[in-house]
Amino acid sequence: LRGSRISLIPLENIQQRQDVYQVLFQHVTRDKVLEYMPLKDYTDLKEFSEALECLTREKNIIPYVIYYQNAVAGFICYLNIHFLYKVVEIGMIWVGSEHRGKQFAIEATYLLTDFAIQQGIRRVEWKCHHLNVPSQTIAKKMGFVYEGTFRNHMFFKGISRDTIWFSIIPEEYEEKKKGFER
């Protein structure tokens, strides 16, 4: 998937993954991008690489690497894919600190949302930690509608997480899409 500045490549389509894993691991260790995600804080590259490999084998997850000028800039996934119900979630998104403020997360979200809706998906979901204000901001900028908060939804990393739910449906998206394509 190609945008105006970035491209998204499915992780499973990348041949030389170790170089990609090294850069993503720098994001994880240096930039603490997993702070609000229900994933462990990885300190070992091999263990982190194995975790990403596992994602490529999941039936209802499609991980993508975000590229900018042929360099790894971040990560994003389709999660909880339910083709029968025509529903997908977008999540596990991050960009490295050197790319923050460039709107890559928004562009990546746009690309995945647009592609999902073009494929007949009727509902795109976005769920995030109640403390993750940047994630909530992206959802709102993209036109996702707040649906509610699952209180005490998860407990990880020693704290209770409330999960904020957003979604967008094709009718809402088509209106919002006009602004993104200008």
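How many disulfides does the count come to? In this predicted model, the count comes to 0 disulfides. To see the reason, select Cys 54, which is in no disulfide; the nearest cysteine sulfur, that of Cys 77, is 13 Å away. Because a disulfide requires sulfur atoms within 2.5 Å, the sulfur of Cys 77 is too far from that of Cys 54 for a bond. Colour the two residues by accessibility: Cys 54 is partly exposed, with a relative accessible area of 39%, whereas Cys 77 counts as buried, at 0%.

Next, select helix 4, residues 133-141. Its residues Ser 135, Gln 136, Ile 138 and Ala 139 are buried. Viewed down the axis of helix 4, the buried residues fall within an arc of 160 degrees, so they line one face of the helix. Then turn to the face directed away from the buried side, where the exposed residues Val 133, Pro 134 and Lys 140 are found.

Now inspect the two ends of helix 4. Asn 132 caps the N-terminal end, with a side-chain oxygen 3.1 Å from the backbone nitrogen of Ser 135. Just after the helix, select Gly 143, which takes a positive phi of about 90 degrees.

Finally, go to Leu 84, in the loop between strand 3 (71-82) and strand 4 (87-95). Leu 84 is exposed, with a relative accessible area of 72%.

Notes:
Residues are numbered from 1 along each chain as its sequence is written. This is a predicted model: local features need pLDDT of at least 70, side-chain atom pairs count only at pLDDT 80 or more; totals for chains, interfaces and linings use all residues. Side-chain values use heavy atoms; hydrogens and water are left out. Helices (H or I, at least four residues) and strands (E, at least two) are DSSP runs, numbered from the N terminus. Buried means under 20% relative accessible area, exposed over 50%, partly exposed in between (1.4 Å probe, protein chains only). The arc is that of the directions from the helix axis to the C-beta atoms. A polar contact is a pair of N or O atoms within 3.5 Å; within protein, one must be able to donate a hydrogen and the other to accept it, and residues adjacent in sequence count only if both atoms are side-chain atoms.
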